[in-house]
Amino acid sequence: MAQLYKKYFKEKLDEQQKLQAVDICYDKNFNFAYDVLDVIAKESPDKKALVYKSCQGDITEFTFEQISQQSNKMANVLKNDGIGRGDAVMLIMKRRFEFWFAMMALHKLGAVAIPTSHMVSGEDIKERIIRADIKAIICVSDGEIDKCISQAQSGLDKSIIKYVVGEKRDGYTYIADLMENASDRFDRVETSVHDDMLYYFTSGTSGEPKAVIHDFSYPIAHIMTAKNWHGVIDGGLHFTIADSGWAKSAWGKLYGQWFCECGVMVYDYNQFYANEILQILQDQQVTSFCAPPTIYKYLVREDIKAYDLSHLTKAVTAGEPMPTDVAEKFYFATGLRIREGFGQTETTLLAFTMVGEEQCEGSIGKPSPLYHMKIVDEDNQEVPQGETGEVVLLPEKPGEIPIGVFKGYLGDEELYKEVWEGGVYHTKDRAYQDENGHYFFVGRNDDVIKSSGYRIGPSEVEDILMKHPAVFECAVTGYPSVTRGSIVKATIILNKGFEPSSKLKTELQDFVKENTAIYKYPRKIEFVEELPRTVTGKISRKKIREMDLEKINKK
C-alpha cells in the first residue's frame, strides 16, 4: 500500500486539478507517518529531511531514515507508558527538533497531537487538559513552561505523564534516555483516515478558545500548499518561520514539504534578529521561504544584497496583509516577488498566488483548485464582482467535508453547525473579487468597521498607512462614537527618526484622504511602542478594541 501512495502522489504533484488522492485515502487507512515518511526513508534513506540550528548556533541534519527511526523509538517509549490510539498528547516544544519525532510517533500510535504555543498561561494549559482529556505532555525544558504546567496541574484530579526534551528537569521524564534503549522498529498500528489526528486550539476573534479537529486526511491537502504555493523542490530546503505550536508549522514545516521530499529548515532562537535569518538563507542554501509580513518588514531594513541568496527562488507570505512598500523593497534586493496566500487554522490554503503567476498588488490570490469558493451576502447569495461579502466554501456534494477542512470543534457541535449554516462553510472572513478573479481580504466579520452607514475594511486603511515613511507597523480598528456608531482608529508604531506629534497625526490623516475615500480616514490616531498580538504572533485588533473600551469605561 505504501508503494501505491508513493507512486500516486509523485504522479499528481504537478497537476493543478483537484487532488483525487482523497478518494484513495478514504478507501484506505492512510497515515502520513507510515505511508509517506517511512516510504521515503526506505527508498531514499540518506535524503535530507530536516536541518536544525540550535539557539547556540550548532547545525544538525537529519535524514528521512533518521526521522523514521527516531519516531519509532519515541513511539515505543510512549506505547510502553500506555499511550495509544485516540489518546491526546500536548506538545509544548518551541522549535526543538524532537517535535518532528513526536508528531510522527503520535501519528504512528494513532494518538492525537495537540501542538501548543509556549506563550500560553497555566490556565490555558489547564483548560486544554480538561477539554481534550490530555494524557501526557511533552515539553522543552524551560523555566516559564515548567511554572505554567505546575499551575495547570493545581487542583486537577488526574495525573499527567510529563516528558521533557532539552535539559533534564525534576518531576519530568527525560525522554531521550528512554529513547536511547528503545527499538527503532515499530509495528504498524491500524488507524482510520477519519480518526482524530490533530487538535489546534485557536482563539479566533471572540469567545473562548476553540479546539479545531483535523483527521488523518489533513496532510494530503498540504501538497497544494508546498508544491504550488511555497514552490518547494525535491531535494531542496524550505524555511517557514513559525513556532511548532502554530498551525502554520503544519503548513510549512512538515506535511507538504515531506510529501515533495523537500527538507525543512528549523531555527531555534530565543530572540529574533533579521540578520541571522538572512545568514541562514545564505549558509544553508534555502530554496524557498515563507514568513509573515512582520518578518519581511525587519528583513528589508537589513542590507539584503550583502548576502548570497542565489539559491532562494520562491518567497511567500500569509497571516496579515503584505505592505506594498515592503514587498517592493524585498523585490529590489532579491529579484523575488513575494506571493501571498490565505487560509485558517480550520482549513489548509484557501487562496493564493500560484507558482508561475504574477502577484496582484494587495491580493491574497485566487481560490485554490482544491476548493469551490464564493463571496456571499448575509443571505448566502453570491455578491457581484467588486462588492464585499463573506468568503464561504461549498462542498462538492451536500454534507461532504472538503479535503483539508476540519471535521469539528471539540465538544461544541452547536458552533460547528453554526459555521456550516446553509450547507456552506462560513469562514467569517470578508473579501471582494476583481474582474480577473483575484480575492482581496477586507477583514474578519468582527473587524469590519461600521461608521455612519459605511462598512470599512481595516486592511485597506492599514495598507495605505504602511506606505507612509513614518509608519513601521499599524492596526486599524473601530472606536466607539455616539454620533457615528464607530470611527476609524489607527494604532501606529513609528519608524526610527519619527516622533509622535499633532502635526504628524494630521499628515497621516491627510495621506489617507488623498489615497482613498475620505470617510475611511482615521479620525483617531494613537502612537504606541508595541501592538498587542495573539499567541501566534498576529496583531490582535480584538485586544485593541478591548483596551479602548476599558479606557472609555474608566472615564
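Visitor: Which residues in α6 meet which residues in α7?
Guide: The model is predicted. In it, Gly122, Ile125, Lys126 and Ile129 of α6 meet Cys148, Ile149, Gln151 and Ala152 of α7.

Visitor: What makes Phe32 and Phe259 an aromatic pair that is edge-to-face?
Guide: By the pairing rule the count comes to 24 aromatic pairs. For Phe32 and Phe259 the ring centres are 5.3 Å apart and the planes are at 80 degrees. The limits are centres within 6.5 Å for a pair and planes over 60 degrees apart for edge-to-face, so both conditions hold.

Visitor: Which parts of the chain does that pair link?
Guide: The pair links distant parts: Phe32 is in helix α3 (residues 32-43) and Phe259 in helix α11 (residues 255-259), 227 residues apart.

Visitor: Why is the pair of Phe64 and Trp258 called edge-to-face?
Guide: The ring centres of Phe64 and Trp258 are 5.6 Å apart and the planes are at 70 degrees, so the pair is edge-to-face. This pair also links distant parts of the chain, with Phe64 in helix α4 (residues 64-80) and Trp258 in helix α11, 194 residues apart. Phe64 and Trp258 are buried.

Visitor: Which residues form one aromatic cluster?
Guide: Phe30, Phe32, Tyr218, Tyr255 and Phe259 form one.

Visitor: How do you know that Lys305 lies over the face of Phe332?
Guide: Lys305 is 3.9 Å from the ring centre of Phe332 and lies over the ring face. The distance limit is 6 Å. Arg337 has its charged end over the ring of Tyr331, 3.6 Å from the centre.

Visitor: What is noted about the phi of Lys94?
Guide: Most residues other than glycine have a negative phi. Lys94 is not a glycine, yet its phi is positive, about 50 degrees. Lys94 is placed in the loop between β3 (88-92) and α5 (98-109). Its relative accessible area is 15%, so Lys94 is buried by the 20% limit.

Visitor: Where does Glu261 lie, and what is its phi?
Guide: Glu261 is in the loop between α11 and β11 (263-267). Glu261, not a glycine either, has a positive phi of about 60 degrees. At 4% relative accessibility, Glu261 counts as buried.

Visitor: Why is Thr347 called buried, and which residues is it in contact with?
Guide: Thr347 has a relative accessible area of 0%, and that value is under 20%, so Thr347 is buried. Thr347 is placed in the loop between β14 (338-343) and β15 (349-352). Leaving aside neighbours within four places in sequence, Thr347 is in contact with His214, Tyr218, Trp251, Gly404, Val405 and Tyr425. Tyr218 is also one of the residues of the aromatic cluster.

Methods
Residues are numbered from 1 along each chain as its sequence is written. This is a predicted model: local features need pLDDT of at least 70, side-chain atom pairs count only at pLDDT 80 or more; totals for chains, interfaces and linings use all residues. Side-chain values use heavy atoms; hydrogens and water are left out. Rings of Phe, Tyr and Trp (its six-membered ring) pair if their centres lie within 6.5 Å; planes under 30 degrees apart count as stacked, over 60 as edge-to-face and the rest as tilted. Helices (H or I, at least four residues) and strands (E, at least two) are DSSP runs, numbered from the N terminus. Buried means under 20% relative accessible area, exposed over 50%, partly exposed in between (1.4 Å probe, protein chains only). A charge sits over a ring if NZ of Lys or CZ of Arg is within 6 Å of the ring centre and within 35 degrees of the ring normal. Contact means heavy atoms within 4.5 Å.
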